Amino acid sequence: MSMTTQAELSRRDRLKTIRREAGRALGAALIALGIAFIIVLFTSKAPLEAFNVLLTAPMSRPRTIGLWIDDVAKLTITGLAFSLVFQARQFSMGVQGQVYVGALAAAYVALSPIGATWAGLPVGVFCAMLAGAFWGFIPGIAKVKFGANEIVSSLMLNYIAIELCNFLVRTNLPKPQPGVLTTNNFPETAVFPPLVDGTRIDLGLIFALVAVLAVWFALYRTSWGLKLRLVGHNANFAEYAGIRSTAIMVSAMTAAGALGGLLGSMFVQGQTYGYLTVLFEGNLAFEGILVAIVARSRPLAVPVVALFYGYLRQGAQLMNLRTDVPSEVIGVVTAIIILLVASSFSMPGRQFWARIMGRSAAAPALEAQK
Amino acid sequence: MSALLEAIGIGKTYPGGVVANDGVNLSVNAGEVHAVVGENGAGKSTLMKILFGIEHADRGELRLDGKVVSFANPREAINSGIGMVFQHFSLVPSFSVYENVVLGSEPHAGIRFDRQKAIAAVRALSEKFRLSVDPLPPVGQLPVGQQQRVEILKALYRDARILILDEPTAVLAPQEVEELFVAVRALVEQGRTVIFIAHKLPEVLEISDRITVMRGGKTVGQVAARDVTEQSLATMMVGREVALRVDRASNDGAMACEIKALKVKSESGALLVDDLNLRVHAGEIVGLVGVEGNGQSELLEAIAGLRPIADGVAYLDGTSLSPLSVLERRARGLASIPEDRIARGLASGSSVAENLVATRLDDPRYVRNGLLDLKAIKANAEKLIERFSIRVGGPGAAVSTLSGGNMQKVVVARELSEQPRLLLVNQPTRGVDLGATQFIWKSLTQARDAGAAVLLSSADLSELLALSDRLVVFYRGRIVAAFLNSDTLTPETLGTYMLGIASQTPEEMQGGLR
């Protein structure tokens with residue numbers, strides 16, 4: 001077999017894999033939607049209308065499209081952060097905490113004299129990434145030096161970050177009036193400019209797209225990325241090959257932390273807020289786990305999954321607002337999607353039916369022989 | 001005489017299009033030992049899984065006592081009197097021997113598990129079939145050979161008339177193999193039938209009455225053991241002439257590696273390698289003989305840098321290795337083929353190309369300024385795939401899609417892609433088919449002839465005897481005997497030292513230690 005046909009074959013193989021994976025994800029989404037429809041049938045007085053809202057509302061107005069795309073940008077970043085640690089087979093759950101410390105750092109910069117200059121935006125983003133990286137580094141180094149389980153330590157750090165943000169907003173950061181749980185609005189120079197006026201689509205979308213390319217490049221075009229993936233596939237092998245797997249683990253968690261910090265700045269410096277408040281992220285950070293799992297931790301698949309998932313998420317919120325169906329229904333839908341994708345289900349195809357038919361056909365045949 | 005168990009025209013294609021069996025015929029007579037031989041991937045295991053009801057044939061039929069049968073699952077096969085002992089045992093380590101044997105069909109007294117009856121039953125069975133095992137200790141404490149007997153007893157307890165043994169000798173020391181054969185003969189005397197899967201030909205010829213040879217999913221033929229030789233059988237299996245011998249080193253070079261008073265400890269502090277002295281010269285293969293767990297693997301790991309050296313020194317070309325990292329050792333010409341390719345030697349989810357450069361990620365040919373040179377990595381992979389005839393779709397294919405022999409070739413290709421000074425080899429051909437074994441042996445001797453000093457550990461004595469120029473025997477972390485290899489050296493001689501029954505005096509060892 002010549003090399004050209006081999007290359008052709010491996011390319012075709014890759015396309016086949018992509019098609020199969022995409023088919024699986026879509027199949028999962030369809031099945032989950034079907035189940036959602038059944039639930040809506042039981043919980044709503046006007047089920048068709050409610051379901052219609054779920055499926056079409058995000059597209060209905062420029063404002064809702066803006067909400068959707070803004071969510072997609074944020075889901076992409078958290079999905080990338082989780083993909084990075086998952087590829088190194090680390091289970092750091094720290095994106096949420098990194099978002100809060102990142103947001104804090106961005107807020108301090110924005111509300112400082114620097115915030116009022118042109119440097120307010122870039123320095124805010126940079127400091128947020130730095131803070132997030134530090135927050136991601138802690139569970140990594142604790143694992144390497146003291147054997148601390150990264151799941152536990154990163155989850156604990158999430159609480160610390162949330163409460164730290166809570167505390168500083170109440171006590172330390174400047175507020176428009178005593179007693180409110182928000183800071184002063186950031187100066188305009190520290191806030192992301194909108195890309196489409198009148199919507200929430202802002203500079204964050206560009207950051208998300210750049211991050212997708214950067215993570216993809218880092219994972220598949222640099223030696224650090226190859227080492228990271230080798231460590232993720234088999235840490236014993238990496239050690240045997242002379243790769244310092246502990247350094248790779250820590251650096252993967254730190255890099256993911258920087259992405260978490262970036263997400264924090266996208267929240268508070270973005271068009272959505274433009275100020276810091278308590279509990280601002282609404283559990284979006286954790287939904288990156290779902291995005292990463294469905295995308296199989298592939299950076300280029302993350303934004304695609306985020307696009308679909310963000311749509312569903314936005315539809316659910318609008319359904320909650322506009323109809324009598326609680327948004328918890330969508331919790332059920334996302335749970336079903338995760339279950340179907342994570343359990344590597346395959347569409348019940350020929351084999352499945354063949355087996356059922358084979359069994360029932362073979363049984364009488366056996367009887368006949370006796 | 002009509003056959004007890006027959007498989008006629010069996011065909012099996014796995015999802016994904018791998019044709020495992022394509023018109024396989026097998027005919028086993030009652031009361032015989034019937035060997036099924038073939039390379040890895042020849043379809044032996046698939047055929048056995050079909051006989052035992054784990055897989056289902058797409059075509060063909062099975063006949064038991066002349067009647068057509070079809071097993072939906074192993075339970076139906078067991079009920080028809082077929083038992084199977086897998087290469088990887090399915091025992092509960094914390095349960096006692098008798099509990100493991102009766103598990104699933106325990107004798108009852110009322111609703112209570114009748115332990116005394118179970119123990120008595122197991123004793124009776126082990127006496128009848130000369131499979132001596134104490135029924136009381138937990139299985140996890142027993143050596144592998146005994147665990148295997150427990151597996152056989154399990155099948156016999158369920159009244160197996162036909163016993164399928166899947167590569168039973170792969171895990172055994174020579175003496176244990178002898179004991180297994182005694183039991184197999186006892187089984188046949190009592191009227192049981194044994195199907196014996198193997199690819200070590202001398203054993204097959206010794207124990208079996210008739211042999212079915214498989215190649216590429218087809219049966220090549222059925223022969224009587226007394227009518228064939230090792231060589232003719234090998235030719236049938238591979239489909240071409242096979243050289244089972246390799247040439248010895250013709251010259252010996254300068255000393256490459258010197259190990260002085262080396263000690264290696266386990267995490268719990270137990271001495272695994274104790275005060276070891278050994279010299280290896282360029283251009284020779286030194287075989288490390290010993291039952292697994294006597295320090296050979298640990299010695300190799302310590303030299304490779306995967307385990308700390310507790311005391312003593314290992315020199316490579318005069319440089320002490322202890323302070324050096326794995327990469328620094330590799331830069332000085334150390335290469336190593338590890339014991340377990342899947343656990344240690346490969347990242348099976350990664351591509352072949354990535355695996356082939358994994359040890360050279362600081363080499364400017366493949367990585368510059370932290371960026372991968374994908375073209376060079378791919379070219380390297382294509383070159384090595386060709387040179388080591390690795391059967392793979394392309395450099396981008398995941399290693400996990402390869403067969404065992406080809407996976408091992410990827411490891412060998414990576415480690416020998418540049419001529420090493422010191423080559424550490426552990427179980428180079430475990431679970432690898434004859435064709436690949438022959439290729440790997442040739443690669444190792446080529447590396448030796450080009451000036452590598454080779455330390456070789458293997459559980460397969462015939463491999464050690466075929467490849468080594470010198471042999472040292474390990475027992476409990478120490479060298480107890482040393483030999484220059486010659487045709488007069490037999491596995492039995494080595495066996496007495498391996499099991500600690502005998503040891504040489506320092507003077508006797510001198511000749512083999514150099």
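How many bridges pair strand β1 of chain B with β2(B), and in which sense do the two strands pair? Strand β1 (residues 5-13) of chain B pairs with β2(B) over seven bridges, in the antiparallel sense. Two strands count as paired if DSSP finds at least two bridges between them, and the strands (E, at least two residues) and helices (H or I, at least four) are DSSP runs numbered from the N terminus. Within this pair, B:G11 has B:D22 of β2(B) as its bridge partner.

The structure is a predicted model, in which local features need pLDDT of at least 70 and side-chain atom pairs count only at pLDDT 80 or more, while totals for chains, interfaces and linings use all residues. Residues are numbered from 1 along each chain as its sequence is written, and chains are lettered from A and ligands numbered from 1 in the order in which they are written. The model scores ipTM 0.83 and pTM 0.76. For chain B the average pLDDT (the predictor's confidence in each residue, from 0 to 100) is 88, and 96% of the residues score at least 70.

Chain B is divided into domain 1 (5-238), domain 2 (255-333 + 418-513) and domain 3 (349-402 + 410-417), with bounds that come from an automatic or database domain assignment. Between domain 1 and domain 3 of chain B, the C-alpha centres lie 39 Å apart.

Another antiparallel pair in chain B is made by β13 (residues 255-265) and β14 (residues 271-281), joined by seven bridges. Here B:L262 stands opposite B:L276 in β14(B). The hairpin of β13(B) and β14(B) has five residues between the strands, and B:G269 takes a positive phi near 95 degrees.

In chain A, the axes of helix α7 (residues 203-221) and α8(A) come within 5 Å and cross at roughly 75 degrees. These two helices, α7(A) and α8(A), are therefore roughly perpendicular to each other (angles under 35 degrees count as roughly parallel, over 145 as roughly antiparallel, 65 to 115 as roughly perpendicular and the rest as oblique). Residues A:A218, A:L219, A:Y220 and A:R221 of α7(A) meet A:W224, A:G225, A:L228 and A:R229 of α8(A), where contact requires C-beta atoms, placed from the backbone, to lie within 7 Å.

Helix α8 (residues 223-233) of chain A also packs with helix α10 (residues 245-268) of chain A, at an angle of about 105 degrees and with axes 10 Å apart. This pair, α8(A) and α10(A), is therefore roughly perpendicular as well. The contact is made by A:K227, A:L228 and A:V231 of α8(A) together with A:S245, A:I248, A:M249 and A:A252 of α10(A).

Finally, the two chains meet in a contact that takes 30 residues from chain B and 27 residues from chain A. On the side of chain B that touches chain A, α10 (326-331), α11 (341-345) and β20 (371-372) of chain B each supply at least two residues.

Conventions: Axes fitted to C-alpha atoms, helices over the stretch in contact; angles between N-to-C directions.
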